[in-house]
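The tour below goes from one selection to the next.

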Amino acid sequence: MRSFEKFKIWVLLICLVSQLGQGFYLPGSYPHKYGVGNFLNVKVNSLTSIDTELPYSYYSLPFCQPQEGVKDSAENLGELLMGDRIENSPYRFKMYTNETEIFMCQTKHLSGEEFKLLKKRIDEMYQVNLILDNLPAIRYTRKEGYFLRWTGYPVGIKVQNVYYVFNHLKFTVLVHKYEETNVARVMGTGDGSEVISTVRKGETEAPGYMVVGFEVVPCSVQHAPDSGKNLKMYNKYPTPIKCDPTTVAMAIKENEAVSFTYEVNFVESDIKWPSRWDAYLKMEGAKVHWFSILNSLMVVTFLAGIVLVIFLRTVRRDLTRYEELDKEAQAQMNEELSGWKLVVSDVFRAPSNPSLLCAMVGDGVQILGMGVVTIMFAALGFMSPASRGTLITGMLFFYMILGVAAGYVAVRLWRTIYCGDHKGWVSVSWKAACFFPGIAFLILTTLNFLLWGSHSTGAIPFSLFVALILLWFCISVPLTLVGGYFGAKAPHIEYPVRTNQIPREIPPQKYPSWLLVLGAGTLPFGTLFIELFFIMSSLWMGRVYYVFGFLLIVMILLVAVCAEVSLVLTYMHLCVEDWKWWWKSFFASGSVAIYIFLYSVNYLIFDLKSLSGPVSATLYLGYSLFMVLAIMLATGTVGFLSSFWFVHYLFSSVKLD
């Protein structure tokens, strides 16, 4: 009987999940029903600008404050790290109730400091970001026959050396009638609607609405100086207000007050709740972008296939030719060996700085695993733009958990290099746990001091800084040590050939080998430079990035190309009797980071032309350096592990005395 009850519960859950799946609801995000007349509270986020990239608190400027005082909304770790500071605001609507000429407040007379700060924020093109029911306010402008979409609205505008502030906001809230899911309809029972009721006793089926759009039109309106003195917040303004976005009238002056007003209009829309984010995710010229990216992927895949086929045929021909000879011919051939066969006794000689190499490979596995898992979850919709900060939070979580993999790979590689000796595995684990996080900590601390000095909300609070350090040393480091312990217990990879005590002298090369290594990064860079443009635009131009499924495909292709490029270069070095392939295989694919950094500098010069001030440029270059370091470790690890597998396979497949 109990098993039958459990079966019915599971059937009900499956049906509910399938019903939700038909609506395409984002995981962790659900519609909120508002009755007519219910209050809708607008929230404010940090002021942002693509001119400085320094976010500031909304209330750092002389704006109206809510009657109950400024309160922080619940924020997750990712939001704090991204510089978001979501707070309550005085803007308050009633569902499906249109209101006009609503008075907010009249500020005190602007002091000299406030006047200068307001002018500075207008010069730096700062945007005000409002949020209603988790939807950012969106603004439409018309230019040359096209509608342009913006998130937020500017603080003000400068016209002929006169500064005007946008002090009147015209809101449009798009709503859609709430459609409640009937459990009986889901179960498919004919008379179930009488059994399972969706309305509680004593309640009437009053119409409810969901917010599916939030638009704003900012206006600069000249109010009479004394008209707001006797008015309270939310009172009706005594004179009509005409909102014309094409004209400006409210010039700010020192020792003069500014009055703020707003109006709101509710419009019933055909947009359904699951589609309400479509307006934010649309891309201009999407077809051109997609065809360009698809063309790039096809070309890169074709070139990588040619390289792989030629490479495999060359190696197989060498092995087949050698194995078909009889013993006498093999002995004679051993005396006339050339190319990679001459380095048989040196190819597995321990590289320089082996512990550093092990730590970097371990960190690379950790970063690569974090990237793949995070992008997979994001592609499934669990880290959508509707859930602010979840992407950064997920990255931190997966990075810490994958510390086990970092310690395991680092220590097992260490034991392989030293032929099974597990001495020093604790030191290697510590290096793997502290190498990349330590460098990241130094970069972020330096940048954080700049943000603190600028009083920006982008600065990580001291309490959060302490929390991040505790997460590092209390979770990430112990997990890395646990992984190192399992790596020390796991059997090491045995070499197929013996290594001589005296190293073989490497003949002089016609060209520097490192030049070829650094040039090898161009092919992996070709697989991602178009996608990199969208990512950079998302990070620095305030656009929403959401094509995680395509990013996953590009990442898989990048891994394949990195492995192929490193294999080719390793084989080329062995053919010229250069047995020092360890570090070169790592940097052959890891050198793609150099080109990404150069692309970042190019993006700074040609796309972020308005970026002003040494602090902004330093922040940009610092975050870019942090990004390319992580990419170098991830791509270098792919190249090294593929080369290690190839060298081991190559020398274990041929009999060499």
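Start with the open sheet, in which four strands are arranged in the order β3-β2-β6-β7 with antiparallel pairing. Its edge strands, each pairing on one side only, are β3 (87-94) and β7 (135-136). Strands here are DSSP runs of E with at least two residues, helices are runs of H or I with at least four residues, and both are numbered from the N terminus. Two strands count as paired if DSSP finds at least two bridges between them. Strands of a sheet pair through backbone hydrogen bonds, either parallel or antiparallel.

This is a predicted model: local features need pLDDT of at least 70, side-chain atom pairs count only at pLDDT 80 or more, and totals for chains, interfaces and linings use all residues. Residues are numbered from 1 along each chain as its sequence is written, and side-chain values use heavy atoms, with hydrogens and water left out.

Next, select β2 and β3, which run antiparallel and are joined by five bridges. Leu40 has Phe93 in β3 as its bridge partner.

Move on to Glu53, in the loop between β2 (39-44) and α2 (77-81). Glu53 is buried, at a relative accessible area of 17% (buried is under 20%, exposed over 50%, partly exposed in between; 1.4 Å probe, protein chains only). Beyond its neighbours within four places in sequence, Glu53 contacts Trp540 and Leu611 (contact: heavy atoms within 4.5 Å).

Finish at β11 (residues 156-159) and β12 (residues 162-165), antiparallel strands joined by four bridges. Val159 has Val162 in β12 as its bridge partner. β11 and β12 make a hairpin with two residues between them, and Gln160 in the turn has a positive phi of about 50 degrees.
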